[in-house]
Amino acid sequence: MKAQLILENGMVFEGNAFGHIKESVGEVVFNTGMTGYQEILTDPSYYGQIVTMTYPLIGNYGINLDDMESASAKVRGFIVREKADYPNNWRCEMELDGYLKQNRIIGLEGIDTRALTKILRNHGTMKGIITVRELTQSQIQQKLKAFHNKNAVAEVTTKEMYQIEGNGKHIAVMDFGIKENIIRSFKKRDCKLTVFPADTPAEEILKINPDGIFLSNGPGDPKDLPGVISTIKTLIGKKPIFGICLGHQLLALSMGGNTEKLKFGHRGCNHPVKDLLERKVYITSQNHGYVVTDLPEDMIKTHINLNDGTVEGMMHKKLPIFSVQFHPEACPGPKDTAYIFDRFMELMEGGFACQEITA
Ligand SMILES: NC(=O)CC[C@H](N)C(=O)O
């Protein structure tokens, strides 16, 4: 079935619909990963976004049920140059088309994704509509205007608090749309986790007397979460804190720093990041549209992005608090950045952070 992508700037791309056929409005972003489409589809940080893949052939190793980042697909729509119809891999359990159908997500294939990506790079991220109908200009304008993503975290956070058993450190997790691989990374280190909904007050989190607090990744603009920002403010100084991506941005805002929207974001699995403490460069996975622009006064920069020099990590000068913008739980091939989780383990023991700063 023929379908169109209509961009906010008036440009139209024509291709074919696949997956679940329905109209969808979202923020159109691109991801440069050659693989990892299953993780992208299920990463809750993409909630409200239509993702286009720059790699031309997507779906060739199918979908397996072990590598999900959450229980369902979270993207608003998925755009590919060419979808593989005959996936072949020993772990393949489903094909992309069937998975999108099951998750009621529309796919669009057969458009020039390179041209689309260039437009997004030059113009910046834009809203868009995938539709199989002919829409009038006023319908298009009205649909684009009505779309926003301000309640994204409320949509993807856990509805109820839950626990995961472990014999090691007890971590209170503030869930803003946590990726399963972060939970797996903590489990691997034998941590006990208590996972809280995003709007849990600070007192309730402190009541369990955790060894540390983790601020998760999640969708949307961190500035849309003033309640969470004030909760984090209350938590500062009481326990060791570690944040990833949205958690990092919220931490910066709660300590007096600032965030801004990037023109077209960082989404892919080969973003070079320099750890300024270790003086090493890592290849990292990333998925973010916002970035910390002003560091809080008490924080130092620990990581920078070597493509554009933006902040990729920060650490408190005295307190056991640190965060990263990239995704240390992801393994786009190498697992090199898993050391960030070990850093949090050391920090909860009163190690790493403070020593390093005073040295
Ligand atoms: N992966 C994330 O946590 C993304 C954080 C935030 N929603 C952003 O786009 O910048």
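This is a predicted model: local features need pLDDT of at least 70, side-chain atom pairs count only at pLDDT 80 or more; totals for chains, interfaces and linings use all residues.
Residues are numbered from 1 along each chain as its sequence is written. The protein chain is assigned domain 1 (2–149) and domain 2 (158–358), with bounds that come from an automatic or database domain assignment.

**Domains and their contact**

- The C-alpha centres of domain 1 and domain 2 are 28 Å apart, and the contact between them takes 20 residues from domain 1 and 19 residues from domain 2, where two residues are in contact if their C-beta atoms, placed from the backbone, lie within 7 Å.
- On the side of domain 1 that touches domain 2, β3 (24–31) and α3 (113–123) each supply at least two residues, and β3 gives the most, with three residues; helices (H or I, at least four residues) and strands (E, at least two) are DSSP runs, numbered from the N terminus.
- That side of domain 1 is made up of seven nonpolar, ten polar and three charged residues, where Ala, Val, Leu, Ile, Met, Phe, Trp, Tyr, Cys and Pro count as nonpolar, Asp, Glu, Lys and Arg as charged, and the others, Gly among them, as polar.
- An unreviewed UniProt entry lists residues 1–131 as "domain: Carbamoyl-phosphate synthase small subunit N-terminal"; UniProt positions are given in the numbering used here, feature names are shortened, and annotations may be inferred rather than shown by experiment.
- Over residues 1–131 the chain is 18% helix and 34% strand, with the end C-alpha atoms 10 Å apart.

- Five of the five residues of strand β4 (residues 49–53) are buried, a residue being buried if 20 or more other C-beta atoms lie within 10 Å of its own, exposed if 12 or fewer, and partly exposed in between, with C-beta atoms placed from the backbone.
- From β4, Q49, V51 and M53 point one way and I50 and T52 the other way, and all are buried.
- β3 and β4 run parallel and are joined by five bridges, with V51 in β4 as the bridge partner of V29; two strands pair if DSSP finds at least two bridges between them.
- β4 also runs parallel to strand β6 (residues 77–80), to which three bridges join it, and the bridge partner of T52 in β6 is I79.

**Ligand shell and annotated binding site**

- The residues around the ligand are S45, N217, G218, P219, G220, C245, L246, N287, H288, G289 and Y290, a residue being near a molecule or strand if its C-beta atom, placed from the backbone, lies within 6 Å of it.
- This shell divides into four nonpolar, seven polar and no charged residues, and strand β16 (residues 280–294) gives the most to it, with four residues.
- The unreviewed UniProt entry places the feature "binding site" at S45, G218, G220, L246, Q249, N287, G289 and Y290. These positions span 246 residues in sequence, yet no two of their C-alpha atoms are more than 13.1 Å apart, so they gather at one spot.

- L246, found in helix α9 (residues 246–254), counts as buried because it has 31 C-beta neighbours inside 10 Å.
- Not counting residues up to four places away in sequence, L246 touches S45, F176, S216, N217, G218 and P222.
- Y290, found in strand β16, counts as partly exposed because it has 19 C-beta neighbours inside 10 Å.
- Leaving aside neighbours within four places in sequence, Y290 is in contact with D221, P222, Q249, T259, E260, K261 and L262.
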